[in-house]
Amino acid sequence: MTFFAFGLNHETTSVEVTERFALDADAQDAIYRTLDLGPDDELILLSTCNRTEAYLCGSLDAVRRVQGALAERAGRPWPEDDAFLLQDEAAVQHVLEVASGLRSLVLGDGQILAQMKDAYRRAVEAGTVDTALHRLMHTAFRAAKRVASETALSCGAASVSSAAVAMARDYFRDVAGDGLEGKRVVLVGAGKMGQLALNAMRSYAPSSIVVTNRSPERAREVAAEHDGVAVDWAQRHDLLAEADVVVVATGAREPVLTAERVPERGPNRPPALLIDIAMPRNVDPRIDAHAGYTVYDLDALRAWTDRVETQRSAEVPEARAVCKELVGDFVTWVFHQQALQPAIQAIRSTFEAIRTQEIER
């Protein structure tokens, strides 16, 4: 059996390229339904705000078919120059390091583990996982647990959402000489990432929190949990006129805040900071050119995290050593499986012959 890990992520290309190949849950399910995999091929698709990757046990031909399916879904050729392709031990090491937060935009990000578990569940439900990838994913989950408990990689580490809040704090310190205290906060999108951002934001005592979401019920629930106010989705652009910080994280496939609809801000008002942590991007990048607005997206967050990552980088060698140890365990299991395969096949053949004879009798 051959293992492959391939795709696009924040380490290989820009947000602009990655977002073109982002897959929501429906798109992943559609690929699983329509993809023509061989009987022995296994596949898991993972698409987050920073990556669209595939983990495959099978042939190189199957890799090309998956790449073709992703390209067809995106409506553009597969970007060979921006993508990565790893094989066997390198692929296994990559999967374990992704699960452990070693490959995250924010080093030590714990949110990726939940995202990988969700991707694994979806692939199992689609019937594209068998013995090899079951074993690989559970090895990855073990690696993540050990890295979290045996190293300090995640100490003080943030999710993308809370890192975005820390970046906003630094922004206001630079431009206004203060922080997030007393700022008016707007959340556009009431999903998990938005809620994580609000959790981090509340520790800085903002003066107000406003939540807007396509589902008004969900907006009211999240606003109530954070002592905020829910506002109708149709008014989301109007909220920008009075906001100081706007965090945008929806599941939309296109911008939900557009340059044509942003309101004018008073001449003496400080710029509003719009932080787009969605993939694909939910904020029209042209808004950044409007007076009174600054837009940060995941590329900006990547640049910020590069500057603060050094405080956790000392834990990387130990975390990678844990992953490498478990890669060795997994490779040993693979060799045992391959060595036992003839015997297993012989047993299967014997019982199949007995079964056939009994049916005929």
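A321 is partly exposed, with a relative accessible area of 43%. This residue of the predicted model lies in helix α12. In space, the C-alpha atom of A321 is 9.4 Å from that of V147, although 174 residues separate the two in sequence. Helix α12 covers residues 316–360, and it returns below in the account of the core.

The chain as a whole has 361 residues, and 52% of them count as buried. Its secondary structure comes to 12 helices and 10 strands. Taken along the principal axes, the C-alpha atoms fill a box of roughly 90 × 40 × 40 Å. Among contacts in the chain with a separation of 6 or more, 72% are between residues 24 or more positions apart.

The interior comes next. In soluble globular proteins, nonpolar side chains tend to be buried together. Here the largest nonpolar core has 63 residues, and F3, I44, V66, L96 and M116 have the most contacts inside it. Helix α12 gives the most to this core, with 10 residues. A second, separate core has 39 residues, including A163, A200, M201 and A249. Leaving aside residues up to four places away in sequence, I44 touches Y32, E53, A54, Y55, A119, Y120, A123, V129, L133 and M137.

The whole structure holds six aromatic pairs. One of them is formed by F3 and F330, whose ring centres are 5.2 Å apart and whose planes are at 70°, an edge-to-face arrangement. What does this pair tie together? F3 belongs to strand β1 (residues 3–9) and F330 to helix α12, so the pair ties together parts that are 327 residues apart in sequence. Both partners fall under the 20% limit for a buried residue: F3 has a relative accessible area of 5% and is therefore buried, and F330 is buried at 2%. Ring pairs also bring in W333, which joins F3 and F330 in a cluster.

Rings also meet charged side chains. The charged end of K183 sits over the ring of F172, at 4.9 Å from the ring centre. In another such placement, the charged end of R265 sits over the ring of Y293, 5.8 Å from its centre.

Empty space is the next topic. Rolling a probe the size of a water molecule over the atoms shows where empty space is left. Two cavities of 30 Å³ or more are found in the whole structure. The largest cavity holds about 80 Å³ of space. Its lining is made up of T48, C49, N50, R51, S104, L105, D109, Q111, I112, Q115 and V160. Helix α5 (residues 111–126) gives the most to this lining, with three residues.

The largest pocket holds about 760 Å³ of space. It is lined by 27 residues, of which S47, T48, Q115, M193 and G251 are the closest to its centre. Which elements give two or more residues to the lining of the largest pocket? They are α2 (25–34), β2 (42–47), α5 and α8 (192–202). Of these, α5 gives the most, with five residues.

Most residues other than glycine have a negative phi, and most peptide bonds are trans. Against this background, M279 and P280 are joined by a cis peptide bond, with omega about 0°. P280 lies in the loop between β9 (272–276) and β10 (293–296).

Where does D88 lie? D88 is in the loop between β4 (84–87) and α4 (89–99). D88 is not a glycine, yet its phi is positive, at about 55°. With 31% relative accessibility, D88 counts as partly exposed. A205 likewise has a positive phi of about 55° and is not a glycine. Its place is in the loop between α8 and β6 (208–212). A205 has a relative accessible area of 49% and is partly exposed, since exposed residues are those over 50%.

Key:
Residues are numbered from 1 along each chain as its sequence is written. Side-chain values use heavy atoms; hydrogens and water are left out. A nonpolar core is a set of buried Ala, Val, Leu, Ile, Met, Phe, Trp, Tyr and Cys residues joined through side-chain atoms within 4.5 Å. Buried means under 20% relative accessible area, exposed over 50%, partly exposed in between (1.4 Å probe, protein chains only). Helices (H or I, at least four residues) and strands (E, at least two) are DSSP runs, numbered from the N terminus. Contact means heavy atoms within 4.5 Å. Rings of Phe, Tyr and Trp (its six-membered ring) pair if their centres lie within 6.5 Å; planes under 30 degrees apart count as stacked, over 60 as edge-to-face and the rest as tilted. A charge sits over a ring if NZ of Lys or CZ of Arg is within 6 Å of the ring centre and within 35 degrees of the ring normal. On a 1 Å grid over the protein atoms alone, a cavity is a set of points where a 1.4 Å probe fits but cannot get out, and a pocket is an open set with protein on both sides within 12 Å along at least five of seven lines; lining residues have an atom within 4 Å of a point. Grid points are joined across faces, edges and corners, and a volume is the space filled by probe spheres set on the points.
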